[in-house]
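This report covers a helix pair and a ligand site. The sequence and structure come first.

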Amino acid sequence: MVARVVPVEPFDLVVFGATGDLARRKLIPALYHRMQDGQMPEGARIIGAARSEMDDAGFRKLASVALEEFVGSAELDKLVRDRFLGRLGFVRLDATTDQGWERLHAALPDVPGRPRAFYLSVAPRFFGPIARHIADSGLRGPEARIVVEKPLGHDLASARALNAALSGAFDEAQIYRIDHYLGKETVQNLMALRFANALFEPLWNARHIDHVQITVAESVGIEGRGAYYDTVGAMRDMVQNHMLQLLCLTAMEPPARFEPGPVRDEKLKVLRALAPVNGLGAVVRGQYRSGNSQPSYAQEADNPQSRTESYIALKAEIGNWRWNGVPFYLRTGKRLRARMSEIAVQFKDVPHSIFPGEGGHPAPNVLAIRLQPDEGITLSMTIKDPGPGGMRLTGAELDMTFAETLGATSLRMPDAYERLVMDVIRGDQTLFMRGDEVEAAWAWIDPVIAEWEERSDRPRPYDIGSSGPEDALMLLHRDGRRWREIEA
Ligand SMILES: NC(=O)c1ccc[n+]([C@@H]2O[C@H](COP(=O)([O-])OP(=O)(O)OC[C@H]3O[C@@H](n4cnc5c(N)ncnc54)[C@H](OP(=O)(O)O)[C@@H]3O)[C@@H](O)[C@H]2O)c1
């Protein structure tokens with residue numbers, strides 16, 4: 001099976017911070033793959049911008065090394081690579097000064113109708129200055145768009161300030177706020193599953209669903225990002241953005257059309273319907289301790305007194321008719337047993353079992369949408385245990401691992417950035433967050449953080465390689481439920 005590729009119009013893409021980690025690890029490989037798949041048209045150009053002393057040839061060398069490292073030399077098609085490198089140019093500029101902007105202007109000839117995207121792969125403190133410089137130096141035509149990504153604020157006030165800085169220079173219709181989870185195939189498949197099949201939607205409500213679990217478990221620690229992570233923690237780093245976006249897509253009403261306005265309106269309604277987190281018992285914060293000669297979080301962060309959470313579990317409730325009384329349990333953490341992300345929708349028990357008890361009880365159906373590893377969807381069912389010997393019940397899974405089900409074991413699953421960057425060029429904001437969504441998410445998060453910052457207790461310790469702190473188990477036990485296993 002071959003993925004269908006729709007080429008985009010010739011474009012100019014300026015990557016601010018092109019010498020940085022995000023550009024080298026994600027953007028340059030993503031753009032290379034788009035060229036390999038035939039999506040990048042003749043005449044498309046990518047211009048790197050940063051302060052480093054570098055010319056076009058130097059940037060091509062940097063990109064070539066990045067491709068070797070992050071695509072891998074075995075996977076790299078040398079002809080495609082050389083064509084790709086030929087599209088690259090570099091402009092030296094400093095986002096905080098007026099220098100270099102005329103060089104960028106000169107590198108971007110005015111072609112009516114040609115999409116021009118500015119990707120801000122730099123720290124958020126540069127978003128405002130860069131947006132203003134783009135506008136002031138006459139680079140913001142009607143086809144211009146600006147791309148930013150997390151962290152989109154530290155709290156509601158800073159998110160508002162960031163939105164104000166961006167919208168001082170660009171219209172909302174030109175601002176693309178990336179949450180790369182929305183670029184994942186499975187996450188888009190969640191929408192296809194819900195809204196392109198008649199099967200699930202009638203059951204997708206409090207009458208039939210018992211609860212939802214959203215897990216983003218990582219086996220790695222803070223990996224050299226300690227100084228940054230210690231000022232942020234799991235709530236801000238994962239829950240405010242990725243996990244709430246997953247919750248929104250699971251819980252939203254069917255939008256009238258799969259278009260930016262209707263989809264984002266529905267997500268916003270979910271965020272605004274989130275009930276305030278109900279007291280201390282509804283949130284568990286954790287921090288991994290040392291063990292097996294591996295350092296603790298506090299040691300990795302080089303902050304022995306750190307009260308930052310490397311793990312969080314919480315119970316969210318959505319105050320509307322569809323979800324009344326259905327808890328959404330969210331948990332995310334570092335140094336857990338395995339790297340595993342999924343949304344699990346657990347249906348209610350059958351109202352009455354007709355089968356004799358000795359044959360086993362029907363287990364509730366669970367629809368699990370797995371983001372990683374092995375993107376796919378499984379539906380667990382109760383069936384009859386095959387063979388004679390009476391009516392015995394057993395569990396079975398309908399498994400749709402995408403790579404296998406789509407006959408696509410040889411088909412590379414595109415990285416989220418590939419999809420999202422091409423959506424920017426096409427001018428499709430459906431999979432990007434609107435400013436009011438980001439603010440609504442912070443408005444829900446802020447009081448929770450404010451509450452624990454007022455208290456002096458520390459996050460609960462948990463073992464490296466475990467499923468998180470004991471108290472997180474209790475969060476569900478108290479409700480007569482249990483977490484799903486964290487397993488790869
Ligand atoms: N890395 C990731 O996987 C990832 C994922 C999601 C979000 N993000 C976010 O994306 C942003 C960039 O992250 P990163 O990891 O790529 O950071 P990084 O490795 O520190 O790169 C920062 C880039 O900004 C440039 N830069 C710094 N000051 C500048 C200035 N005054 N004018 C122009 N360019 C300047 C740097 O180049 P020069 O020094 O040459 O100027 C460099 O290219 C951060 O906000 C980060 O939180 C990163």
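## Helix packing

Helix α10 (residues 260–273) packs with helix α14 (residues 435–454) at an angle of about 15°, and their axes are 9 Å apart. Axes here are lines fitted to C-alpha atoms over the stretch in contact, with angles running from 0 to 180 degrees between N-to-C directions; helices are DSSP runs of H or I of at least four residues, numbered from the N terminus. α10 and α14 are therefore roughly parallel to each other (angles under 35 degrees count as such). The crossing of α10 and α14 is left-handed, meaning that the near helix is turned anticlockwise from the far one by less than a right angle.

## Basis of the model

The model is predicted: local features need pLDDT of at least 70 and side-chain atom pairs pLDDT 80 or more, while totals for chains, interfaces and linings use all residues. Residues are numbered from 1 along each chain as its sequence is written, and side-chain values use heavy atoms, without hydrogens and water.

## Ligand shell

The ligand is surrounded by 21 residues, the closest being T19, D21, R25, R51 and S52 (a heavy atom within 4 Å is required). By class, ten residues of this shell are nonpolar, five polar and six charged. Helix α1 (residues 21–36) supplies the largest share, three residues.

## Polar contacts

Polar contacts are pairs of N or O atoms within 3.5 Å. A polar side-chain atom of R25 lies 2.5 Å from a ligand oxygen atom, and a side-chain N or O atom of T19 is 2.6 Å from an oxygen atom of the ligand. For D94, a side-chain N or O atom is 2.9 Å from a nitrogen atom of the ligand. Taken alone, the ligand exposes 890 Å², of which the protein buries 75% (Shrake-Rupley method, 1.4 Å probe).

Technical notes
A polar contact is a pair of N or O atoms within 3.5 Å; within protein, one must be able to donate a hydrogen and the other to accept it, and residues adjacent in sequence count only if both atoms are side-chain atoms. Helices (H or I, at least four residues) and strands (E, at least two) are DSSP runs, numbered from the N terminus. Ala, Val, Leu, Ile, Met, Phe, Trp, Tyr, Cys and Pro count as nonpolar, Asp, Glu, Lys and Arg as charged, and the others, Gly among them, as polar. Angles under 35 degrees count as roughly parallel, over 145 as roughly antiparallel, 65 to 115 as roughly perpendicular and the rest as oblique.
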